[in-house]
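Visitor: I am new to this structure. Could you guide me through it, starting with a detail?

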Amino acid sequence: MTKRSMHSLMMVAVLLLAAALLALAAKVGEPAPDFTATASNGKTYRLSDYRGKFVVLEWHNNGCPYTRKHYTTDNMQQLQKEWIARGVVWFTIISSSPGKQGYMTASEENDYLAKMHAAPTAALLDPTGAIGHLYDARTTPQMIIIDPQGVVIYDGAIDDRPTADVSDIAGATNYVSAALKQAMEGKPVAIPTTRPYGCSVKYSGVH
Amino acid sequence: MRRPTRKCKANPVYLPPLAVAAIVLVIAAKVQAADAPIPHGTVELIAEDQWITPEHDFSLGLHFQLEQGWHIYWVNPGDSGEPPQAQWSLPPGIITEPLEWPAPQRLGTAPIVDYGYNDSVVLLVPMRASATLASQQTARLGANLRVLVCREVCLPGKARLALTLPVRPQTPAPDTRTKALFAQARRSLPRAAPPSWRFSVTDTKDAFVLTADLGHRVAQATLFPLMESQIDNAAPQKVEATASGFRLTLRKSGQLLKTIERLKGVVVIASDHAYIIDVPVGKAGARRR
């Protein structure tokens, strides 16, 4: 085998391996990977049961200053309320590993939701990070929108002001609202992906 | 019961203004400080020279010192985090250019990799003083700084810094106290690549392949992308040494939906020298000379 073809073979192997590792990670324009999760309310939710509806996945860590920016101002709660009223299914997802910031037991999360007057469809507990890894969730918040056909139509930041400052909410363009509005009107999502901003998701082994 | 001795009592009428004056003085003192605490560290505004000379360029520095394990972020923070940002209040006659960032380090591990700095770093602040400054005797340079400091958790910090420097017509003299810090910072800045070096980038659908022709074999290189969401920060960067340089395979970001025209970033060669590159992206199979 020549050096050149050996090199090509190695390159192919490397790329195949990398592709395999990320084969399940969701990408805009592709089918959203299915999952089943237990929520803080004790019920089990399967994503594919919601085919026919828009679904928002909101990665959450209540200790992260970027998450707190949207919760102490009631911004996230208002978004949840507004879009749930329009038929959207909204899952808050907690992928923090036990012992790490943001990890919540079911009762802790229920207390938090009550205290913050947050009413997502459900708060899904993902302590192993399986769902987070499935969607390559990297920050809190990170927002993913799935359309009624089960395709990812948005993946990224909640808005265009990547700071922890509450004063940056008022003037921000909210990417989630924009995408849902456009998709509900049958239009293509103008900005389907942005770099999500926030703290790193606290998977096990990562900080 | 013992009677309290009657001492002089402040006339209550004067108390509010005195209190206000005291508060104003405290605030003024704070605002004048060249250094300030940030979460798990400190930041200070330092000057390279002892005075400012009209019609000269000069530099300030934002010197961050962090406790063990805590880090701040590079201009492209990577998968998470936020770079420090400064808003300047400058007198007429002084303008600032964008910050100059020393070469960063890779922080974290897959699936979340960021770019930034541990321990300490000086971000350089290039400034220009015009002729109009000559009418002033001093110049007060203020910064409103926002910075995110992280370890396992992230803490946002704010600092107000100010430095007042004399304005003199003579050629600036370096400030010996900050000389070492500025020298170290300038050494860590990425530099322009030597003109004899050649770079090309090929788009191979899933990755960008950066080929570098430097005239000698290089076994180790890392690319720090300047723009977010172009390369997959967590993916290992496969480097192959070639007779005249190296080839670096950079997996594309999962968020990159369209082609990019140019790949801009900092290439660190053999964990030592850092170079700025800005390379047009060509398709695989296209021959470039």
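Visitor: What is the bridge partner of A:Val55 in S7(A)?
Guide: The partner of A:Val55 in S7(A) is A:Ile146. Two strands count as paired if DSSP finds at least two bridges between them.

Visitor: What should I know about the model and its numbering?
Guide: The model is predicted, so local features need pLDDT of at least 70 and side-chain atom pairs count only at pLDDT 80 or more, while totals for chains, interfaces and linings use all residues. Residues are numbered from 1 along each chain as its sequence is written, and chains are lettered from A and ligands numbered from 1 in the order in which they are written.

Visitor: Back to those strands: how many bridges join S3(A) to S7(A)?
Guide: There are 4 bridges between S3(A) and S7(A), and the two run antiparallel. Strand S7 of chain A, residues 143-146, is also joined by 4 bridges to S8(A), again antiparallel. Across that pair, A:Ile145 stands opposite A:Tyr154, and A:Met143 stands opposite A:Gly156.

Visitor: What happens in the hairpin of S7(A) and S8(A)?
Guide: The hairpin has 5 residues between the strands, and A:Gly150 takes a positive phi near 85° there.

Visitor: Which way do the S7(A) residues point?
Guide: A:Met143 and A:Ile145 point one way, A:Ile144 and A:Ile146 point the other way, and all are buried. A residue is buried if 20 or more other C-beta atoms lie within 10 Å of its own, exposed if 12 or fewer, and partly exposed in between, with C-beta atoms placed from the backbone.

Visitor: Which residues have the most contacts inside the largest nonpolar core?
Guide: They are A:Val56, A:Phe91, A:Ile144, A:Ile145, A:Val176 and B:Leu62, in a core of 114 residues. Such a core is a set of buried Ala, Val, Leu, Ile, Met, Phe, Trp, Tyr and Cys residues joined through C-beta atoms within 7 Å. Its largest share, 8 residues, comes from strand S10 (residues 138-150) of chain B. Not counting residues up to four places away in sequence, A:Val176 touches A:Val56, A:Leu79, A:Met143, A:Ile145, A:Tyr154 and A:Ile158.

Visitor: How many residues does each chain give to the contact?
Guide: Chain B gives 22 residues and chain A gives 32. On the side of chain B that touches chain A, the elements giving two or more residues are strand S7 (105-109) and strand S11 (154-166) of chain B. That side has 8 nonpolar, 6 polar and 8 charged residues. Here Ala, Val, Leu, Ile, Met, Phe, Trp, Tyr, Cys and Pro count as nonpolar, Asp, Glu, Lys and Arg as charged, and the others, Gly among them, as polar.

Visitor: How is chain B divided?
Guide: Chain B has domain 1 (22-189) and domain 2 (192-283), with bounds from an automatic or database domain assignment. The centres of the two domains of chain B, taken over C-alpha atoms, are 29 Å apart. In chain B, 10 residues of domain 1 are in contact with 10 residues of domain 2. The domain 1 side of that contact has 7 nonpolar, 2 polar and 1 charged residues.

Visitor: How many helices and strands does chain B have?
Guide: Chain B comes to 2 helices and 19 strands. Among its sheets is an open one of 5 strands, ordered S1-S2-S3-S9-S6 with antiparallel pairing. Of the 289 residues in chain B, 35% are buried.

Technical notes
Contact = placed C-beta atoms within 7 Å.
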